[in-house]
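I opened the notebook to go through a few local features of this structure, one entry at a time. Each entry starts from what I looked up.

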Amino acid sequence: MATRTWRKGLGFGVAAGALLTGLPLAAAEGAAAPARHPITIDDIQAMRSLSGLTCAPDGRQAVYVLNEADTKADKRRKALWLVDLAVAKGGAAPLQLTSSEDSASAPAFSPDGRTIAFLSKRGKDKQAQIWLLDRRGGEAQKLTDVKGSIADFRWSPDSKTLLLTITDPAIEPPKDDPERPLPVVVDDMKFKEDGTGFLTATDHAHLAQFDVATKTEARLTASDSFDAGAAEWSPDGKTIAYLANHALDPVAPATQWLTVVEAKAGSAPRVVAKLPSASGQALIWSADGTKITHLVGNEPKLNQYNQPHLAETVVASGQTRTVTSTADTYVQRLVDLGGGRIGAVLAEDRHEIAAVIDPASGAIQRLGDGKLAVADQCGAKDPKAPRAVIASGDDVMPEVYALEGGAMRALTSHNRTLNAGIAWSPVRDFAAKTSDGSEVHGLLTLPAGYVQGQRYPTVLWIHGGPTAQDSHEIDTIRQWIAAQGYAVLAVNYRGSSGRGDAYGTSIAADWGNKEVIDLHAATDWAVAQGIADPARLAVGGWSYGGILTDFLIVRDNRFKAGFSGAGEGNIFALFGVDQYVQQYSQELGGPWQDTALWLRLSEPLLHADRIKTPTLFMGGIADDNVPLIGGQQLYQALKLTGVPTRLVGYPDENHGIARPSFQRDRLERIVDWYKRYLK
C-alpha cells in the first residue's frame, strides 16, 4: 500500500481545535492583485516540472530535466537544462542543452567535469541509450547501443567506464514473422509491475561495465530473481557496491542485501549485510572506502509503511549502525557533500526540509525557513560550494534554487511569469482531536474569493500512499478545486509520513480504520470552525486516497459527492492481479490464512448497499498498481443499488495519467461531478 500514491517538516500547526487566525478577506486579496486570476487547467498544463537535478564536480553548475506538456501533440516532452549556481551574482543564464523533441532524462556529469551523460530514445532505437554532451559545446553523441533496458548508470571515478544497471534483451519474434505475438512466461513470485505489465526473466536487472573509449560492454553480475540496484563505485574505482532486492525472499523477507564486487568481469560478489528494505535507497561510500552510508527500513510486516532512516555499514565486518538522531525521521534523497557530510531531505509534519547530517556525531542541521518544500537536491564534495535544490511552495511553482547558509536564492524562472498571474488560494495549517484521542494535522486551502464567517462547500481531498504527506509544496489539484469555490481539506491521516514511525505504521493490517477516524475528525473540525457547510460536503482522492474514499462513503452518508480514482473496494479482486504480492504475503497473509481480515478490508463492496453518495470512479485501463477493476466493481454495485455513479477509464494509461488531454479531462470531470451535487 505504501506506494499506492498519486503524488507524493518542521511543524507550524495550530493547537487542536484552535480557531484559524489571519484569514484574508476577499476584498483585500482582490485589491492586492487585481490582474490575477484563480488557477485554470490551462495554467496547470503550462506549468513546467523540474527533476533529475545533478551538480558538476566543482559545484559551479547543475543540470536538470525540464518536463512540459505539448498539448498539440498530446504528450509530455523532456529537455536538459544547465544552470550556473552563481547566476544571480553575474553568472550565465540557464541554458537549454537538448531539444524537447528528443526526450532526455537521468543527466550525470563525468567526474573530470568534461562530459554530461544522459538517457534518450531517438530515431529507431527501441530502448533509451546513453548519449554524451561535451561541456565545451557541440551536438550530443550517441555512446551505447545495448539491447537491454538501461535502468541506471554511474561514471567510474576516472571517467573512463560507465556502470550500467541493465536488463537482458527481450525475446524477439522470428525475423520472418516480426509481428507474431509471443507467449508471456512468468516464474517469479512477483510478476506484475505498473508501467511494465507482466514481469519475465528478462526484466531482472544486473550490472555491467561499459568502456567509453572502446564502446564495449562486459557483464559484471548474473541475472537472477534478485534485482541489482543503487550501484555505486568505490572512491578508488576498484570495487562496486550495490543492493540485491530480496523483498520476497522467504528466508530473509523485505531485505536489501548490501553486496560488493570487484570491478572486474567474472568476480564473485560478497554479501556485506542484509538490510531492512528502504524506499528511495542510495549508497554513499566514505572517502577511505571502509564504510557505506545508506537508508534502512522496518520489519517485514511494517515494511510498506517504513520511514527510511540513515545508517552506515562497515564494509569489512558488515556491522550496521543506525544514526540514532534519524531513528524517528523520514530521510530521503541522499547526496554526498564530502567530509563525511550527507545531504538529505527530511519529511517533517507538512514540510520537506533540506538538511545536512553528520553520521559520525548524529548532528542534523536543518536548512531554510520551511516556507518552500524541497523535492530534489544535489551538491559537490566541497563545504564551500552551494547546494542546488528544486523547491516549490503553497503559491510558488517549482524552480531551481541555490541553498546557501540556509537561504534560498532563485536560479531559474521557468514558471515565474505564469506564477505571477495566478491568484493563489491561501493555505493554512490546522490540527484536530480525533474520537480515539489522537491528533491529526493537515492543510486547509481556502476557496477563491473567501469571505471570513461564510460557510463554503468543502471537499475532503485525500492524498495517496499512504506513506506520503500533504506538505507546503505546490499542489495544483487542490488549488484547482479551491478555484471553483470550494474549501479543500488535505489531511495527513495516520499512515502518512512526517510524524514518526509509530504514526506511520499504526495502520498496518488495519486499513480503513484509524485513517477514517482522522478524516472524520478533520471534517468535523472544518464544520465546527464555521468554514465547511455540513450540507455540502464531498470527498475524493487517487490511489490510497481513492481507497479511503471507498471506506468513507460506505460508512458516512453525509458526503453528497464522491470521487474515487484508482480505488479498491474488494481486496480479493486484486490479489494476483496487482503488484502488491509482498505486502499481501508479509503484512496480511494470504486470503486463506486470515479470511476474516480480508473480508473486513473488502467492506466497501461487500456492504455497497449502504453507500448513498453519488460517486465517480476513474482509473487507467493499463494500471497494474491499483487496477481499474477496483472502480469497476463498485460502479457495478452502485448501478444495481440505484445510486448515481459513473465509470471513466483512460486507455493505455498506467497509475499516473500522463497524456495531457486525459489530464485535462480528469480535472474537468472531477469538478463537474462536485458541481452537480454540491452547487
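**Entry 1: Glu348**

With which side chain does the side chain of Glu348 make a polar contact? I found Arg366 as the partner, at 2.6 Å. I note at the outset that the model is predicted. I placed Glu348 in strand S24, which covers residues 341-348. I then checked its accessibility: Glu348 has a relative accessible area of 10% and is buried, because the cut-off for buried is under 20%.

**Entry 2: the disulfide**

I searched for disulfides and found one in the structure. The pair is Cys55 and Cys378, with 2.1 Å between their sulfur atoms. I read 65 degrees about the S-S bond, and the link of Cys55 and Cys378 is right-handed. I looked up where the two ends sit: Cys55 is in strand S1 (residues 49-55) and Cys378 is in strand S27 (residues 373-378), so the link ties together parts 323 residues apart in sequence. A disulfide is a covalent bond between the sulfur atoms of two cysteines. I also checked whether the ends are covered. Cys55 is buried at 11% relative accessibility, and Cys378 is buried at 4%.

**Entry 3: helix H9**

Is helix H9 enclosed by the rest of the structure or open? I found seven of its eight residues buried, so H9 is largely enclosed by the rest of the structure. The buried ones are Val581, Gln582, Gln583, Tyr584, Gln586, Glu587 and Leu588. I looked for what these residues pack against and got two helices, H8 (571-574) and H10 (595-601). After H9 comes Gly589, and I read a positive phi for Gly589, near 80 degrees.

**Entry 4: Glu587**

Glu587 lies within H9, residues 581-588, and is buried with a relative accessible area of 4%. I listed its contacts, leaving out neighbours within four places in sequence. They are Lys301, Gln304, Tyr305, Ile507, Ala508, Ala509, Trp511 and Gln582. For Ala509 I have an atom-level detail: the side chain of Glu587 reaches the backbone nitrogen of Ala509 at 2.6 Å. I also took a distance to Arg409, which is 178 residues away along the chain from Glu587; their C-alpha atoms are separated by 44 Å.

**Entry 5: Asn303**

Leaving aside neighbours within four places in sequence, I found Asn303 in contact with Ala254, Ser277, Asn298 and Gln582. Asn303 sits in the loop between strand S20 (291-296) and strand S21 (309-314). I found Asn303 buried, with a relative accessible area of 7%.

**Entry 6: salt bridges**

How many salt bridges does a search of the whole structure find? I got 35. I noted down some of them.

Asp429 and Arg350 form one, with the closest N and O atoms 3.9 Å apart. Asp429 is in strand S31 (residues 427-433) and Arg350 is in the loop between S24 and strand S25 (351-357), so the pair ties together parts 79 residues apart in sequence. I checked both for cover: Asp429 is buried at 9% relative accessibility, and Arg350 is buried at 1%.

Arg77 and Asp70 meet through their side chains in a salt bridge of 2.8 Å, N to O. I found Arg77 buried, at 12% relative accessibility.

Arg409 counts as buried at 14% relative accessibility, whereas Glu404 counts as partly exposed at 27%.

**Entry 7: a surface patch**

Val184, Val186 and Phe198 make a nonpolar patch of about 250 Å². I looked up Val186 among these: it is in the loop between strand S10 (161-167) and strand S11 (192-193). Val186 counts as partly exposed, at 31% relative accessibility.

Definitions and conventions. Residues are numbered from 1 along each chain as its sequence is written. This is a predicted model: local features need pLDDT of at least 70, side-chain atom pairs count only at pLDDT 80 or more; totals for chains, interfaces and linings use all residues. Side-chain values use heavy atoms; hydrogens and water are left out. A disulfide is a pair of cysteine sulfur atoms within 2.5 Å. Helices (H or I, at least four residues) and strands (E, at least two) are DSSP runs, numbered from the N terminus. Buried means under 20% relative accessible area, exposed over 50%, partly exposed in between (1.4 Å probe, protein chains only). Contact means heavy atoms within 4.5 Å. A polar contact is a pair of N or O atoms within 3.5 Å; within protein, one must be able to donate a hydrogen and the other to accept it, and residues adjacent in sequence count only if both atoms are side-chain atoms. Patches are made of residues with over 30% relative accessible area and no salt bridge: like charges are joined within 9 Å, nonpolar side chains (Val, Leu, Ile, Met, Phe, Trp, Tyr) within 5 Å. Accessible areas come from the Shrake-Rupley method with a 1.4 Å probe; for residues, only the protein chains shown count as cover. A salt bridge is a side-chain nitrogen of Lys or Arg within 4 Å of a carboxyl oxygen of Asp or Glu.
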